[in-house]
Amino acid sequence: MNILHIASFVGNIGDNANHKGLRSCLERAFPDRCPQYTELEIRKCYRIYTGADRWAFDEQFVELANAHDLIVIGGGNFFEPWLTESASGTTIDLSLDVLDQIQSPLVFFGVGFDTYKSCPNACLARFLTFSEYLQQRSNTLLSFRNDGSFDNYVSSYGAQAAHNILTVPDGAFFYQPSDDLGLIDASGSEEYWGINVASDMKDVRFPGGEKSLTWEQFLDKYAEFLSTALQERDTLRLIFFPHIYKDLSAIGELLDRIDDRFCRDRIVVAPYLYGWEGADKLFGLYDTCALVMGMRFHTNVCAMAMDIPAIGLSSSPKLFDLYADLNLSRRCIDVKNRAFVAPLKELISSIESNALRIKRENIQLKDTLEKQMGRFILRLREMI
């Protein structure tokens, strides 16, 4: 089975984990058809991309799409209706005229929808037309990922506009890394916490004012918390994980605020890697950790997939939405809140003292996610 996969494949290892997890599910579901993939990097069709290898949803794309047995677009947070120049109002600049020329089965897998950016009414209306058309189109499956996207869509357009939208787990819930960097021997008495911090869109994540910390204030409080934890726990070690290159500067800013003596021999910074092998090697290091806490979506998803207790450090609504969708809101901390350190300490203590409960919750979660993915596979089988 030849599959045309349109998504982001480089620059954020969380995307690679998402795609690898989806592909493992497809391989299990279609063992006789040996899925083979042609990859189209979605960032190269963005209007701001000016490279010679830029592509578009045009006649040439139609020809490529119809030469495949299945087209998969996603996953990723591609359904944000803010782009006024786009035919759909989103980064999927696919017109209905072009869509009508595509004959192969078409799947939008686990695409995120939200209106957290400023969304012009014209874009909202355009995406409503686009999404309703997809829902009634034959050989087409529209699915949102389990990060609150379905509820966000219903809040924007009403339940009647979501009559044929499926909610699916992010593919990374089914991802297991096949490699690691071999940097750390976890067989000793040391205990490792894995940490991800993100500073892109810092003015949005940490706007400051009466109700929110600024980025610098967050760093001060979080660095003090980590320094205290290292002081109180002789065996504790920290591993910082960059998922995109911009995370390196965020990690550096945080380390500047941690006591130098801890930075010298109690803290490890994983390398910035990208692509398929980069994802496997970096996420392989997650398995070293007794606990993972982070701001990025896939820091949390991949830790859960690997049975590692995860704590969401939420500076944006999307991470809250994910944990709410999983009925695990208590494991997500609002790090914009000036008093976030106290509930973070309590949550870590609760996780450490209730290991069996966490394990049971994880088993239940995986069972729920398998059932959700099963419904997606069933619909897909009906199409192809």
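This is a predicted model: local features need pLDDT of at least 70, side-chain atom pairs count only at pLDDT 80 or more; totals for chains, interfaces and linings use all residues.

Colleague: What should I know about the numbering and the cut-offs?

Modeller: Residues are numbered from 1 along each chain as its sequence is written, and side-chain values use heavy atoms, leaving out hydrogens and water. Local features need pLDDT of at least 70 and side-chain atom pairs count only at pLDDT 80 or more, whereas totals for chains, interfaces and linings use all residues.

Colleague: Okay, which residues of helix 2 are buried?

Modeller: In helix 2 (residues 59-66), the buried ones are Phe61, Val62 and Ala65, where buried means under 20% relative accessible area, exposed over 50% and partly exposed in between, with a 1.4 Å probe and protein chains only. Helices are DSSP runs of H or I with at least four residues, and strands are runs of E with at least two, numbered from the N terminus.

Colleague: And why do they line one face of the helix?

Modeller: Seen down the axis of helix 2, its buried residues fall within an arc of 105°, so they line one face; the arc is that of the directions from the helix axis to the C-beta atoms.

Colleague: Which residues are exposed on the other side of helix 2?

Modeller: Glu59, Gln60 and Glu63 are exposed there.

Colleague: What do the buried residues of helix 2 pack against?

Modeller: They pack against strand 1 (2-7), strand 2 (36-41), strand 3 (70-79) and helix 3 (96-100), with contact meaning heavy atoms within 4.5 Å.

Colleague: How many helices and strands does the protein have?

Modeller: The protein has 14 helices and 12 strands, and 55% of its 384 residues count as buried.
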